[in-house]
Amino acid sequence: MKNVPRTLTAWTIYDWANSVHSLVIVSSIFPVYFSATALNETGGPVIDFLGISIKNSVLFSYTVSAAFLFTALLSPVCSAIADYSGRKKTFMKFFCYTGAISCSLLYFFTQETTTFAVICFWLSLIGWSGSIVFYNSYLPDIATEDQFDRVSARGFSMGYIGSVALMIINLLVILKGEWFGNISEAMASRIAFLTVGLWWIGFAQIPFSRLPDGSRKATKGGNYLLNGFKELRHVWTELQDRPLAKRFLIAFFVYNMGVQTVMYVATIFGSDELKLPGQSLIITILLIQLVAIPGAYGFSRLSERLGNTYALMIAVVIWIGICACAYFVQTESQFFALAAVVGLVMGGIQSLSRSTYSKLIPATNDTASYFSFYDVTEKLSIVLGTLLYGLIEQLTGSMRNSILALLILFIVGFVLLWRIPSQKIYGVRLENAEVS
């Protein structure tokens, strides 16, 4: 049964639960703490990691790339096994607990334990991204097509609200340490990492108790791994016959390289390139989350009026403008203004991308397998985007040159989206639109 309010609410609460990782660990407190802590004996940014001398900001970018590359290789197999065995929720739990426990272990991050912390950060990214594959795949299972955009936007909005709620608590402890026994900012930051893990696991119990699990396929012979690969091959074959789905995944791959890279390195850019204080950066990220809430709903309404593709194209055009302005940004106020625009469009493009893909895949029980291809596309785009960003910075010594590469990606993404018909009539699947 679809469109059950209790089930839809439970699904959106997982966004509330896991989005604290994106905000606290990826975008705000952890990157600031990482820049201030991952230093060599003389206080310089070039550190030793597993015998390799590397700048801390480049290591941060490469760690993100490595985590998502690993997830991209792992998730298709896991999702295919989940579809075959009917254990979608079990896999979702495994990745959730892996990520949350890894976040909690960051409590032990000091200058002497940098290598351990980088590994925990890497595992937290794998856990977060792995659980999202199965979370996203529930959307076509629990909602009808006419509700995809709104439910997807609601999920992202719940994520922004939840992450902001915990972020405010963490900021209070960091900025007002005297209220909590005169603890240092460093200790307050480490406590924040611990609270992320506890928050994530705690609220995840609500969707885990209410979301349905998949139906096991009645196939004789073989084992879960072997049949999982067969399931993956079956879905891959079906995708070859769905040209609009393939076109969208290609376009999504390109523009998402820019979107995700901006999200993962924005704080490092403000810290290292603009030399902004940590508190200003954290408040900026908080502003982005608040603005993203109306942004997600706004683009949902825009897609109802113009169609998903045109709404996405408008979002990509705004991202092009963001990159152009970021290349020239010099002051703290300019950075704040640009961050507000990023927040406005960030939620919209993520929400619409998820719901658009949901409309392009067939009505089937293989949703986890189908979304594994979406996930692989997303994760590989993060890998290449962050790798490209870090490599250009390493070769040229300037993050601004990396921003120019992101601008080109958005332009190419816009051109690729232009090739996809925009459909705004619900009840008629996008895949049935005429392909020109």
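Good morning. About 230 Å³ of space lies in the second largest pocket of this structure. The model is a predicted one: local features require a pLDDT of at least 70, side-chain atom pairs count only at pLDDT 80 or more, and totals for chains, interfaces and linings use all residues. Residues are numbered from 1 along each chain as its sequence is written, and side-chain values use heavy atoms, with hydrogens and water left out.

Let me define the terms for empty space. Rolling a probe the size of a water molecule over the atoms shows where empty space is left. The search runs on a 1 Å grid over the protein atoms alone; a pocket is an open set of points with protein on both sides within 12 Å along at least five of seven lines, whereas a cavity is a set where a 1.4 Å probe fits but cannot get out. A residue belongs to the lining if it has an atom within 4 Å of a point. Points are joined across faces, edges and corners, and a volume is the space filled by probe spheres set on them.

The second largest pocket is lined by 17 residues. Which of them lie nearest its centre? They are Ser 35, Asn 56, Ser 271, Asp 272 and Lys 275. The elements that give two or more residues to this lining are α2 (29-37), α10 and α11 (278-306). Helices here are DSSP runs of H or I with at least four residues, strands are runs of E with at least two, and both are numbered from the N terminus. The lining of this pocket divides into seven nonpolar, five polar and five charged residues. In this scheme Ala, Val, Leu, Ile, Met, Phe, Trp, Tyr, Cys and Pro are nonpolar, Asp, Glu, Lys and Arg are charged, and the others, Gly among them, are polar.

I turn to the cavities. The count comes to three cavities of 30 Å³ or more. The second largest cavity has a volume of about 40 Å³. Its lining consists of Ser 57, Phe 60, Ser 61, Val 265, Ile 268, Tyr 389, Gly 390, Glu 393 and Met 399. Helices α3 (56-85), α10 (243-273) and α14 (367-396) each give two or more residues to that lining. By class, the lining of this cavity holds five nonpolar residues, three polar and one charged.

Next, the chain as a whole. Its secondary structure comes to 15 helices and two strands. The radius of gyration, taken over C-alpha atoms, is 21 Å. Along the principal axes, the C-alpha atoms fill a box of roughly 60 × 45 × 40 Å. Of the 436 residues, 59% count as buried, where buried means under 20% relative accessible area, exposed over 50%, and partly exposed in between, with a 1.4 Å probe and protein chains only. Contact means heavy atoms within 4.5 Å; among contacts between residues at least 6 apart in sequence, 84% join residues at least 24 apart.

Some individual residues follow. In helix α1 (residues 5-27) we find Asp 15 and Thr 12. Is Asp 15 buried or exposed? Asp 15 is buried, at a relative accessible area of 5%; Thr 12, at 1%, also counts as buried. Leaving out residues up to four places away in sequence, Asp 15 touches Tyr 135, Gly 155, Phe 156, Gly 159 and Arg 354. With its neighbours within four places likewise set aside, Thr 12 contacts Tyr 135, Val 151, Arg 154, Gly 155 and Met 158. Thr 12 and Phe 156 are 144 residues apart along the chain, and their C-alpha atoms are separated by 7.7 Å.

Ser 351 belongs to helix α13 (residues 332-360) and is buried at 2% relative accessibility. Beyond neighbours within four places in sequence, Ser 351 is in contact with Asp 149, Ser 152, Ala 153 and Phe 156.

Asn 3 has a positive phi of about 65° although it is not a glycine; Asn 3 sits in the segment before α1 and is partly exposed at 31%. Asn 182, not a glycine either, has a positive phi of about 60°. Asn 182 lies in the loop between α7 (148-175) and α8 (185-210) and is exposed, with a relative accessible area of 62%. Thank you.

Note on methods
Rg over C-alpha atoms; globule rule 2.2 N^0.38 Å.
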